[in-house]
Amino acid sequence: MEYQHTISKEVYFKGIGLHTGNLCKATFKPAPANAGVTFIRTDLPGHPSTKAHYSNVLGVIRGTTIGNETMRVHTIEHMLSAVYALGIDNLIIEVDANEPPVADGSSQLFYDTLLESGIVQQSEPRKVLEPIEAFSYKSGETEIQFKPSNELQIKTVLLYTHPLLQDQEVSITIRPEDYRREIAPARTFCFDYEVEALKKQGLARGGSLDNAVVVGLDRIHNKEKKAPFSK
């Protein structure tokens, strides 16, 4: 039997949000068994909260946004990726803005910060969502297939018609040590022709070559200089 886990002590991380550009302090706190992962907006009156649950997803445009009628938090996927990889079931995440820090565009610093806090076992058994038969989901050119397994194994295939990005494929079983080595350092990227469109949509306000990889037709811009996205 696997048991639930939380962190042993409070830790925090500061930085700017990728899309909003807002400064934010994210504070991670232990939570009791069966509490799940909860986001709390400490900058809003009454400190409203929401569970990190698919039913609370409000949008998935260039990031995952969750919330309710009183609050929302944008771009939570990198942070929650690290939470899952470390086997943390119960956690309080307090943020003093509407988007967590982007760090360097990867989940590595979130992973390392949470690991430094210490992971502790709790007394309740872990609840696992396990598909009992294969099924798939398709939207546009993207397809996701699910198959029963005794552990989380992910195979990802990316197909690009781009001179610098060839077809890519990776298969990995999600365990803490494998995640830290193979997935955590992976950074957000975009194509240089997308930047202006993102800006017009009110996105990538905090984006820079420090927290995203920008790919051009003939070069990776990060190798040459570090500057905010601008023309």
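This report describes strands, helices, a nonpolar core and selected residues of a predicted model.

## Basis of the description

Because the model is predicted, local features need pLDDT of at least 70 and side-chain atom pairs count only at pLDDT 80 or more, while totals for chains, interfaces and linings use all residues. Residues are numbered from 1 along each chain as its sequence is written, and side-chain values use heavy atoms, with hydrogens and water left out.

Helices (H or I, at least four residues) and strands (E, at least two) are DSSP runs, numbered from the N terminus. Two strands are said to pair if DSSP finds at least two bridges between them. Buried means under 20% relative accessible area, exposed over 50%, and partly exposed in between (1.4 Å probe, protein chains only).

Strand 4 pairs with strand 9 (residues 91-95) in the parallel sense over 5 bridges, with threonine 38 opposite isoleucine 92. Strand 5 (residues 49-51) runs antiparallel to strand 4 and is joined to it by 3 bridges; in this pairing isoleucine 40 stands opposite serine 49.

## Threonine 50

Strand 5 also holds threonine 50, which counts as buried at 5% relative accessibility. Its side chain makes a polar contact of 3.4 Å with that of asparagine 56. A polar contact is a pair of N or O atoms within 3.5 Å; within protein, one must be able to donate a hydrogen and the other to accept it, and residues adjacent in sequence count only if both atoms are side-chain atoms.

Leaving aside residues up to four places away in sequence, threonine 50 touches Val37, Thr38 and Phe39, as well as Asn56, Ile66, Gly67, Asn68 and Met71. Contact means heavy atoms within 4.5 Å.

## The open sheet 6-7-8

An open sheet is formed by 3 strands in the order 6-7-8, with antiparallel pairing. Strand 6 (57-59) and strand 8 (72-73) are at the edges with a single partner strand each, so one side of each has no neighbour in the sheet. Strand 7 (residues 65-67) is joined to strand 8 by 2 bridges, and glycine 67 stands opposite arginine 72.

The largest nonpolar core has 27 residues, of which Phe28, Phe39, Met79, Ile88, Leu91, Ile93 and Leu114 touch the most other members. Strand 2 (11-16), strand 3 (23-30), strand 4, helix 1 (77-85), strand 9 and helix 2 (108-117) each supply at least two residues of this core; helix 1 gives the most, with 4 residues. Such a core is a set of buried Ala, Val, Leu, Ile, Met, Phe, Trp, Tyr and Cys residues joined through side-chain atoms within 4.5 Å. Among the contacts of leucine 114, not counting residues up to four places away in sequence, are Phe28, Ala82, Val83 and Ile88.

In helix 1, Met79, Ala82, Val83 and Ala85 are buried. Their cover includes strand 3, strand 4, strand 9, helix 2 and helix 3 (176-182). Just after helix 1, glycine 87 takes a positive phi of about 75°.

## Tyrosine 193

Tyrosine 193 lies in the loop between strand 15 (189-191) and helix 4 (195-200) and is exposed, with a relative accessible area of 57%. Tyrosine 193 and glycine 216 are 23 residues apart in sequence, and their C-alpha atoms are 7.6 Å apart in space.
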